[in-house]
Amino acid sequence: MPRYVCVHGHFYQPPRENPWLEFVEQQETAAPWHDWNDRVTAECYRRNSASRILDNNGDIRKICNNYSMMSFNMGPTLLSWMKDKSPRCYKGITDADALSMKRFGGHGSALAQVYNHMIMPLANNRDKRTQVKWGAADFKSHFGRVPEGMWLAETAVDTDTLEALAESGVKFTILAPKQASEIRKISGASSAWQDVKWEKIDTGRAYRCDLPSGKSIAIFFYDGSLSHAIAFEGLLNDGEYFAGRLIDAKPETGYAVLSNVATDGESYGHHHDHGDMALSYCLESVENRRDATLTIYGQFLEENPPQYLVRIVENSSWSCAHGVERWRSDCGCSSGTPGYHQKWRAPLREALDWLRDKLIAQFEYMGAKYLKDPWAARDDYINVILNRSRDFVESWISSHATRVLTQEEKTKVLKLMESQRCAMLMYTSCGWFFDEISGLEGTQILRYAARAINLIHELNGLDFEIEFMRLLEKAPSNVMKYTNGKRVYETLVKPSCISLERIAAHYGMVALFPDFAQEIDRGLWCFNRETKTVINDSFKEEGRENTFAAGTVRLVSEITWEEKTFAFAAHHRGEISLMCGVAPLTDKDSPMKTLLDNPDKLREMFQASNSDELTSFFGRNLFSMRHVLGDAQKILLDRLLRDDTLRIETGLREIVSDYDRLFKYLTTMGVKAPSIIMASAAIVLNSDIIKCLSLEVPTTEDLRHSLDRAKEWGVALDNERIGFAVNEWLMKQMRIISGAPTNQAEMSRVSDMLELFINDFKWHLSLYEAQNIYSSTLNQNRQSITNASSEIHNTFVALGRVLRFANEAL
């Protein structure tokens with residue numbers, strides 16, 4: 001009987017957005033990338049959408065989309081982020097599912113996932129069902145079809161979870177072999193149940209699990225030892241060996257046998273460098289062999305229906321030896337930080353459970369005033385999350401409301417729904433998985449809790465925060481400066497809570513610089529047409545350039561439709577000294593409205609820095625540079641310090657120029673210049689190279705001169721920063737070539753630049769995206785390139801060779 005091979009990857013990142021702003025802020029630990037989503041996408045997700053198979057010389061023989069040949073699930077919150085931030089990768093993933101349907105008899109390789117990776121056995125039944133419904137609806141929005149299978153967070157399962165899957169029409173899920181308890185043959189009702197605990201189950205077939213409701217669901221159990229070898233034993237070091245292990249894992253039998261593995265998808269690139277390439281070699285090798293056939297779970301299930309029933313081990317998972325205790329107790333399972341305990345896990349869950357129940361009571365009480373069925377509305381709210389357009393949300397509200405609602409009532413309904421969205425996001429599994437409550441993942445779920453508390457407080461004045469922090473105080477931290485969960489909440493979570501006043505102040509401070517991008521405008525809040533600056537002028541004071549701005553800003557929430565108008569007055573006194581005061585404009589007779597009619601009075605107040613007068617008008621709503629939001633703060637700081645930076649650089653350039661002959665002389669003697677002069681030379685040469693690469697057409701002669709000097713003088717260049725600059729320039733040029741594939745001048749320019757850095761100076765550049773663009777340009781324009789003049793054709797091929805494409809690929 002035939003043997004089949006299926007590789008499953010669970011690709012997932014937790015939601016990382018600031019819940020007050022709805023975008024991911026910079027995460028320093030992910031440097032040099034902006035954040036961890038960005039980093040793992042570069043190292044794994046993007047690479048698997050265009051993975052390389054190399055020849056014996058290390059040149060590219062073939063570029064493969066691994067997703068089209070494997071089974072995979074992509075976390076909904078990750079996929080939504082990717083659609084906006086990495087559209088090329090997103091398209092590669094969605095296209096792969098369409099390709100896989102042709103390859104696998106109408107079955108797509110993509111599976112759905114419970115929405116935000118909640119540990120399902122620890123969730124209440126309502127949350128179980130909403131997680132499944134939201135996961136399925138999100139999947140359909142991306143892939144254009146109903147999911148056949150659904151991945152459970154950490155494969156954590158109980159019977160109620162399977163009931164929720166079956167109720168939503170999910171045909172199958174995937175579990176670890178240790179999660180099977182008993183099996184028996186379907187034919188012959190009298191056949192006895194066999195004990196298969198401790199991974200004794202045959203993972204080479206599909207099983208059927210009959211449920212108390214009368215429904216059933218198919219379950220696949222992955223090969224535990226092979227999956228462990230992929231993740232932890234170096235199986236990805238050799239793609240051919242990987243393929244052989246998969247094929248030989250199951251002996252010949254009298255039935256169709258499935259060799260299937262499941263791991264975190266991040267094994268293929270993020271955890272294991274070049275893991276995506278090992279997977280490509282493996283999948284191609286299996287496809288080319290005659291003793292096994294590539295398949296995916298949906299296709300195998302259709303062709304080989306279950307012959308056995310199975311019972312699961314209740315409250316079990318793939319990553320905790322104690323069931324699901326990793327997400328509610330100090331069970332001993334951890335990520336291995338020496339000396340760390342996890343005694344904080346139980347109090348954290350208890351605090352969140354307490355908050356969840358308080359939020360439920362308010363949701364039911366307030367929701368009943370406006371909605372026919374608040375819980376049915378919550379299940380359907382995923383469609384609003386996927387489509388925030390005003391017309392659609394109006395239609396959604398009308399379909400669930402008990403009557404025609406006022407604008408204020410619509411905002412209340414949307415805030416209630418958002419409080420429930422946050423109530424589920426605060427249970428994202430990563431908050432408990434790692435070793436410390438103050439880590440990125442622990443603080444992120446507490447941010448969602450804080451946002452839910454904030455929304456309910458805005459709705460009815462109730463304050464759950466004091467009791468919530470009291471409960472968090474019982475969660476001990478391993479980090480001395482935090483002590484406990486309460487301190488973590490106060491130190492790391494509360495500063496993320498963004499008031500409307502601070503958002504208005506952000507607008508006021510950046511309004512001082514009219515050409516500065518209003519990056520906050522693309523997040524949760526936007527500035528509508530009533531926003532205006534009534535004054536923006538510059539003047540000298542004590543020899544320093546000063547700027548003053550004043551006006552009104554009307555904030556509108558894209559999510560809850562909340563609106564509020566503020567007056568602002570902002571002053572820049574040079575360098576990084578910024579101050580902005582804001583006050584709500586409640587009516588036309590507001591004192592601030594009177595002042596705006598006489599902005600000179602406001603300017604005098606800020607010039608004098610009269611704290612008593614400023615406080616009398618603005619109260620506590622005075623803000624400084626540290627209150628500028630998100631990435632704008634760093635960009636604005638760089639801008640404000642630009643003149644100082646240029647002044648310092650000019651001085652250093654003169655020093656380096658004066659010592660030019662000394663450098664040459666010392667080099668002939670084999671002696672290094674003093675460290676302070678070497679540091680100055682490094683700053684100047686790095687700056688020269690970066691500036692040259694920012695030009696529309698950088699000259700290779702100038703670049704060569706700077707690189708030669710650095711090499712001759714022994715100056716350490718900033719390889720990372722220069723590498724990013726080269727890559728940015730390269731991507732811009734490759735996009736030009738993509739639109740004009742017979743542009744010989746552009747192709748020659750790129751070839752010359754790469755020859756300079758790679759061949760002449762032996763730099764290790766990331767050519768990955770440039771290679772992808774070249775490959776797609778070749779595939780889409782092969783005929784026109786072939787028909788072009790021999791000179792153009794040869795130039796295109798020469799560029800391909802510099803980009804490390806084998807002749808076979810060209």
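Analyst: Axes here are lines fitted to C-alpha atoms, for helices over the stretch in contact, and angles run from 0 to 180 degrees between N-to-C directions. The model is predicted. Start with helix H16, residues 440–460, and helix H18, residues 485–493. Their axes come within 10 Å and cross at roughly 85°. Angles of 65 to 115 degrees count as roughly perpendicular, and H16 and H18 are therefore roughly perpendicular to each other.

Now the contact itself. H16 brings Thr443, Leu446, Arg447, Ala450 and Ile453. Across from them, H18 brings Val488, Tyr489, Leu492 and Val493. By class, the contact residues of H16 with H18 are 7 nonpolar, 1 polar and 1 charged.

Next, the pocket. The second largest pocket holds about 1200 Å³ of space. Its lining has 34 residues. Phe232, Asp264, His271, Trp318 and Phe433 lie nearest the centre of this pocket. H16 is among the elements that give two or more residues to the lining; the others are helix H1 (36–49), helix H6 (224–232), strand E12 (257–264) and helix H15 (430–433). H6 gives the most, with 5 residues. The lining of this second largest pocket divides into 15 nonpolar, 12 polar and 7 charged residues.

One last item is a charged pair. The salt bridge count comes to 44.

How values were computed
Residues numbered from 1 in each chain as written. Predicted model: local features only at pLDDT ≥ 70, side-chain atom pairs only at ≥ 80, totals over all residues. Heavy atoms only, no water. Helix = DSSP H or I, 4+ residues; strand = E, 2+ residues; numbered from the N terminus. Parallel < 35°, antiparallel > 145°, perpendicular 65-115°, else oblique. Contact = heavy atoms within 4.5 Å. Nonpolar A, V, L, I, M, F, W, Y, C, P; charged D, E, K, R; others polar. 1 Å grid on protein atoms, 1.4 Å probe; cavity = no way out; pocket = protein on both sides within 12 Å on 5 of 7 lines; lining within 4 Å. Points joined across faces, edges and corners; volume = space filled by probe spheres on them. Salt bridge = Lys/Arg side-chain N within 4 Å of Asp/Glu carboxyl O.
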